[in-house]
Amino acid sequence: MLKAGVLGAGHLGKIHLKLLQQSSKYELVGFYDADKQASEKIESEFGYKSFPTMESLIDASEMVVVVTPTSTHFECAKKVLKAKKHLFIEKPITETVAQAEEIRDLAKEMKVRGQVGQVERFNPAFQAIKDNIHNPMFIESHRLSEFNPRGTDVSVVLDLMIHDIDAILSVVKSPVKTVSASGVSVISETPDIANARIEFENGCVANLTASRISLKKMRKARFFQRDAYISVDFLEKKCEVVKMKEAATEPDDYAMILTNAEGVKKQIYFENPQVEENNAILDELESFYDAIKADRTPEVSLKQGTEALRVAMLIIENFKKI
């Protein structure tokens, strides 16, 4: 078991504490939070050990989860890495790309592992479908949420859209060519609704929409590729694959056949991959444990977290041009 500590005991921090305590791969040593009153309450209510300083928690741990406000990620991550402890850091990795690059390079220098908390990569629907995604050429995603003051310290791009940016970058094996976007601030000081178009060098185009002022929740992505359409519902944890193949010479009576303008007949096949129930946050934490023990690159590396932030910042920069 690896000794694990948590920096930050807010809403998400409490979830990490609970899951680390449940995990058979980690030994939870405790947490540190700058809010002393809240720390005392959490310690008395849940029994987790509260450390008096950030440094004392880091010293007692082999792996540290950083779940503090984004504005503090950089300084917290540096302290963890300089102590030569493995780092799990919630998304977005840092406030700026320069900070993310420094964290990425520092982890390499200290010879420790780092993973970014992009939890949708561990969503069971995405896990079930990802191996079916091959060279997509058009992608459309919608991530809509009801308003919640928590998270509005950053724009909707860093709050919500970054999940889809990361997922898309993980399946499109091509550099980003251009980014265009627009965003509107409705309630917050930063944009609450945004749309972005990402064009890749291989010709793939991704159209992303994110909103935190919607009346209903939606988290869907659709991937279009040669002879296949793939849909993922991250919220309902469902997925579907629609494939087109050359029609059989003598198709059965129930076969769905389409004939294009050139007279070529295609048969449609529907697949619903088996979606295994899981706890995505627990899975990402335990996946990180496996990467540390095997000394291999984590599922969502600091490099990937940096690239997702780089694209997110390009989108935000586009807002300023409007």
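This note sets out numbered points on the fold, the surface and two local sites of the structure.

1. Basis. This is a predicted model, in which local features need pLDDT of at least 70 and side-chain atom pairs count only at pLDDT 80 or more, while totals for chains, interfaces and linings use all residues. Residues are numbered from 1 along each chain as its sequence is written, and side-chain values use heavy atoms, with hydrogens and water left out.

2. Overall fold. The protein contains nine helices and 14 strands; these are DSSP runs numbered from the N terminus, helices (H or I) having at least four residues and strands (E) at least two. Its radius of gyration is 22 Å, close to the 20 Å given by the globule rule for 322 residues, so the protein is as compact as a globular protein of that length. That radius is taken over C-alpha atoms, and the globule rule is 2.2 Å times the number of residues to the power 0.38. The C-alpha trace spans about 75 × 45 × 40 Å along its principal axes.

3. Of the 322 residues, 50% count as buried. Buried means under 20% relative accessible area, exposed over 50%, and partly exposed in between (1.4 Å probe, protein chains only). Among contacts (heavy atoms within 4.5 Å) between residues at least 6 apart in sequence, 67% join residues at least 24 apart.

4. Lys49. This residue lies in the loop between helix H2 (36-46) and helix H3 (54-60). Lys49 has a relative accessibility of 47% and therefore counts as partly exposed. Leaving aside residues up to four places away in sequence, Lys49 touches Val29, Gly30, Phe31 and Glu43. Its C-alpha atom is separated by 45 Å from that of Ile230, which is 181 residues away along the chain.

5. Aromatic pairs. Rings of Phe, Tyr and Trp (its six-membered ring) pair if their centres lie within 6.5 Å; planes under 30 degrees apart count as stacked, over 60 as edge-to-face and the rest as tilted. By this rule there are six aromatic pairs. One of them is the tilted pair of Phe138 and Phe224, at 5.8 Å centre to centre with 40 degrees between the planes. This pair links distant parts of the chain, since Phe138 is in strand S6 (residues 138-144) and Phe224 is in strand S10 (residues 218-225), 86 residues apart.

6. Aromatic cluster. The ring centres of Phe224 and Tyr229 are 5.1 Å apart and their planes are at 40 degrees, so this pair is tilted. Phe138, Phe224 and Tyr229 form one aromatic cluster. Phe138 is partly exposed at 31% relative accessibility, as are Phe224 at 29% and Tyr229 at 24%.
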